[in-house]
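Here is a short report on one protein. Look at the structure first, then read on.

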Amino acid sequence: MANPGDPKSVWSTVAVIVGTVAAGVVVAGLLHDPQPAAVSIPGCEEVVQPEDMQRINYAIVGPDSVPVGFDAAAKSAALIQALPAGTTVVPDAMFPPLTFDTFDTGATAYGRIALGGAVGDLDVMLSTSDQPAGPCFAGSVDERRTLNDGTVVDVRSSEKGSRVEVYATDGSHVDVSADPVLTVQQVTDIAMTPGLRENN
């Protein structure tokens, strides 16, 4: 057995200390949740990160409203005309599909469509707001496009379908969601239809 003053005893003590410190570092690393890497979204100057979703305090002034002088018949006709060639609107016994109804914060149209042997849902919401598009929320937007005239287009796509939101410079907000029966480009084309905006 080594005496406290022996070199073997000193090195044994050092080894124990080093081992304890190293083990503490490993345990601390295992117990400490690493912060997720910041998410960047193409075209977005400001991105609300996943870890901020629960505690964000983002004020939105002036809620969306139904477009002034809204013509449901004209908007419904514009939506039907915006569908890709070959699309069939599936009849519904309960309500006319893809026909706009208004409520306090906007107008919505819903229906099932068939294209190329696939059948899926199409939802469109129209509203107006005097507020800008605001920041991008990670997980809700894949890409933001800002057009030459200032129109903002937010695109989100997954295996479950696509969603495209258009914030036009006249205050129009067009929100189109569709099942995979439509491609992202087809959903974008519908959302960009001039006839769905407030001043058309």
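## A term to start with

A residue is called buried when its relative accessible area is under 20%, and exposed when that value is over 50%. Keep both cut-offs in mind. The model is predicted.

## The whole protein

The protein has three helices and 10 strands. Along the sequence they come in the order α-β-α-β-β-β-β-β-β-β-β-β-α.

Of its 200 residues, 32% count as buried. The protein exposes about 12,100 Å². Carbon and sulfur atoms supply 58% of that area. Now take the contacts with a separation of 6 or more: 51% of them join residues 24 or more positions apart.

## The buried side of helix α3

Helix α3 covers residues 184–191. Which of its residues are buried? They are V187, T188, I190 and A191. These four cover an arc of only 160° around the axis, so they lie on the same side of α3.

What do the buried residues of α3 pack against? One partner is a helix, α2 (72–82). The others are the strands β7 (143–146), β9 (161–167) and β10 (172–178).

## A nonpolar patch on the surface

Now turn to the outside. M94, F95 and Y110 form a nonpolar patch on the surface. Together they have about 320 Å² of accessible area.

M94 sits in the loop between β2 (88–89) and β3 (101–103). Is M94 buried or exposed? Its relative accessibility is 73%, so M94 counts as exposed, since the cut-off is over 50%.

Conventions:
Residues numbered from 1 in each chain as written. Predicted model: local features only at pLDDT ≥ 70, side-chain atom pairs only at ≥ 80, totals over all residues. Heavy atoms only, no water. Buried < 20%, exposed > 50% of the residue type's maximum accessible area, 1.4 Å probe, protein only. Helix = DSSP H or I, 4+ residues; strand = E, 2+ residues; numbered from the N terminus. Arc of directions from axis to C-beta. Contact = heavy atoms within 4.5 Å. Patch = residues over 30% accessible without salt bridge, like charges linked within 9 Å, V, L, I, M, F, W, Y side chains within 5 Å. Areas by Shrake-Rupley, 256 points an atom, 1.4 Å probe, with all protein chains shown as cover. Salt bridge = Lys/Arg side-chain N within 4 Å of Asp/Glu carboxyl O.
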